[in-house]
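Please take a moment to look over the sequence and the model before reading on. The paragraphs below start from a single residue and then widen to the chain as a whole.

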Amino acid sequence: MMIIMKTNATPQQVEDVVEHVKAAGLSVHLSQGVEQTIIGAIGETHSIPVDRFEGLDGVEMVKRITQPFKLCSRQFHPENSIFPLDGFTVGGDEIVVIAGPCSVESRSQIIETAHAVKEAGAHALRGGIFKPRTSPYSFQGLGEEGLEYLVEARQQTGLPIVAEIMSQNQLDLMVKHVDVLQVGARNMQNFNLLRSLGETQAAVLLKRGLSATIEEWLMSAEYILAGGNKQVMLCERGIRTYETTTRNTTDINAIPVLKNLTHLPVILDPSHSTGHADYVSAVARAAIAAGADGLIVEVHPDPAHAVSDGKQSLKPEKFAEMVRQVGQIAQILGRNLASARDHSLFLEKPVVLSEKE
Ligand code: PEP
Ligand code: MN
């Protein structure tokens with residue numbers, strides 16, 4: 001951390017700041033220029049907020065040299081984090097595609113969609129069972145019943161399942177039955193939930209908050225890593241801007257920026273980031289071209305009758321075309337879509353939740 005003193009700072013003010021730095025357990029490197037003094041604060045600065053020094057008399061500004069996030073930073077872990085997920089890996093050379101409906105609506109809907117997305121080349125199945133809806137009067141998800149259908153879809157197709165967890169009281173159920181726990185945009189800063197997930201070894205897909213900066217998002221990932229759970233992937237899902245023609249604005253910049261700042265895998269959700277099926281494939285292609293490790297895409301067999309997010313859901317045929325296109329883009333970059341998994345592992349898994357209890 002660098003503490004830059006005002007040009008008119010007195011020797012006493014410099015001395016006081018030096019004492020504060022030492023009291024924080026840091027060592028001091030003093031650089032006295034002709035006009036300005038810079039105090040280097042050296043040591044474990046991650047846990048020390050910059051405002052601890054910013055308000056001191058004679059201080060002009062305080063700048064961090066190391067990132068405020070440590071465990072997810074590339075500075076401390078230069079290699080990509082690659083984690084295995086039921087036969088494929090996330091974060092390495094392979095590109096993963098997660099697909100499925102916004103919400104699990106019925107047994108037949110999720111089973112049909114699971115087979116369709118698998119046929120089209122998806123590696124994992126998504127489906128919301130606890131839905132974070134803006135209105136309390138909108139469909140809130142099928143809950144445990146939906147989870148049973150999702151588990152059956154996994155058993156039939158072998159696709160690992162991705163579902164959103166909204167609260168800590170869903171943790172035991174979700175950890176037991178779901179392969180990847182999604183933390184939605186609205187919960188990115190639910191720090192109690194993040195801490196609880198940190199205490200598990202479940203794979204977590206952490207979405208970016210609606211208006212979160214990349215640094216805030218990485219600090220949220222840090223909460224999970226700090227608990228000992230290293231299986232975190234980040235998902236860019238669009239941010240709020242002044243633009244209204246799309247639901248959100250896809251922050252493509254976030255992909256190379258994150259790849260630079262963190263070793264965690266980065267995937268993109270072109271469905272929520274655009275809000276419109278017409279734009280999903282183009283943005284999915286752009287994400288892979290920009291270096292994303294994967295995609296999560298909403299697919300519905302009958303989008304016009306979907307209970308949530310039908311407008312942004314692809315029909316299976318469109319999704320299959322998208323998968324082919326992103327596969328070609330991946331190859332140009334020397335990467336490949338993840339290869340087909342060994343599904344035999346899954347056929348052992350029970351269908352009904354109560355059977356597994
Ligand atoms: C979803 O994946 O259906 C969802 C609600 O996403 P987000 O949290 O990105 O809005
Ligand atoms: Mn959705």
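**A walk through the predicted model**

Apart from its neighbours within four places in sequence, Q13 is in contact (heavy atoms within 4.5 Å) with M5, N8, D57 and G58. This is a predicted model, in which local features need pLDDT of at least 70 and side-chain atom pairs count only at pLDDT 80 or more, while totals for chains, interfaces and linings use all residues. Residues are numbered from 1 along each chain as its sequence is written, chains are lettered from A and ligands numbered from 1 in the order in which they are written, and side-chain values use heavy atoms, with hydrogens and water left out.

Q13 itself sits in helix α1, residues 11–23; here helices (H or I, at least four residues) and strands (E, at least two) are DSSP runs, numbered from the N terminus. With a relative accessible area of 21%, Q13 is partly exposed, given that buried means under 20% relative accessible area, exposed over 50%, and partly exposed in between, with a 1.4 Å probe and protein chains only.

One of the contacts of Q13 is D57, which belongs to the loop between α2 (51–54) and β4 (59–63). D57 counts as exposed, because its relative accessibility is 59%. Together with E15, D16 and E19, D57 forms a negative surface patch. Patches are made of residues with over 30% relative accessible area and no salt bridge, where like charges are joined within 9 Å and nonpolar side chains (Val, Leu, Ile, Met, Phe, Trp, Tyr) within 5 Å.

Charged residues can also be followed through their pairs. Side chains of opposite charge can pair when their charged atoms come close. A search of the whole structure finds 10 salt bridges, each being a side-chain nitrogen of Lys or Arg within 4 Å of a carboxyl oxygen of Asp or Glu.

One of these joins E152 and R107, whose closest N and O atoms are 2.5 Å apart. This pair links distant parts of the chain, since E152 is in helix α4 and R107 in helix α3 (residues 107–120), 45 residues apart.

Another salt bridge connects R208 with E236, and its closest N and O atoms are 2.8 Å apart. R208 lies in the loop between β11 (203–207) and α7 (214–226), while E236 lies in strand β12 (residues 232–236), so the pair ties together parts that are 28 residues apart in sequence. R208 counts as buried at 4% relative accessibility, and E236 counts as buried at 0%. With D251, these two residues are linked in a network of salt bridges.

A further salt bridge is formed by R335 and D293, with the closest N and O atoms 2.6 Å apart. Here R335 is in the loop between α11 (316–332) and β15 (336–337) and D293 in the loop between α10 (277–289) and β14 (294–298), so that distant parts of the chain, 42 residues apart, are linked. R335 is buried, with a relative accessible area of 12%, and D293 is buried too, at 2% relative accessibility.

Where does P132 lie? P132 is found in the loop between β8 (124–126) and α4 (144–157). Leaving aside neighbours within four places in sequence, P132 is in contact with E164, M166 and R186. The C-alpha atoms of P132 and G184 are separated by 7.9 Å, although these residues are 52 apart along the chain.

The backbone also deserves a look at D86, which has a positive phi of about 45 degrees although it is not a glycine. D86 lies in the loop between β5 (83–85) and β6 (88–90) and counts as partly exposed, at 24% relative accessibility.

Finally, consider the chain as a whole, which has 12 helices and 15 strands. Its C-alpha trace spans about 75 × 45 × 40 Å along the principal axes. Buried residues make up 53% of the 357 residues. Among contacts between residues at least 6 apart in sequence, 69% join residues at least 24 apart.

Terms used
Accessible areas come from the Shrake-Rupley method with a 1.4 Å probe; for residues, only the protein chains shown count as cover. Lys and Arg count as positive and Asp and Glu as negative; His and the chain ends are not counted. The place of a charge is taken as NZ of Lys, CZ of Arg, CG of Asp or CD of Glu.
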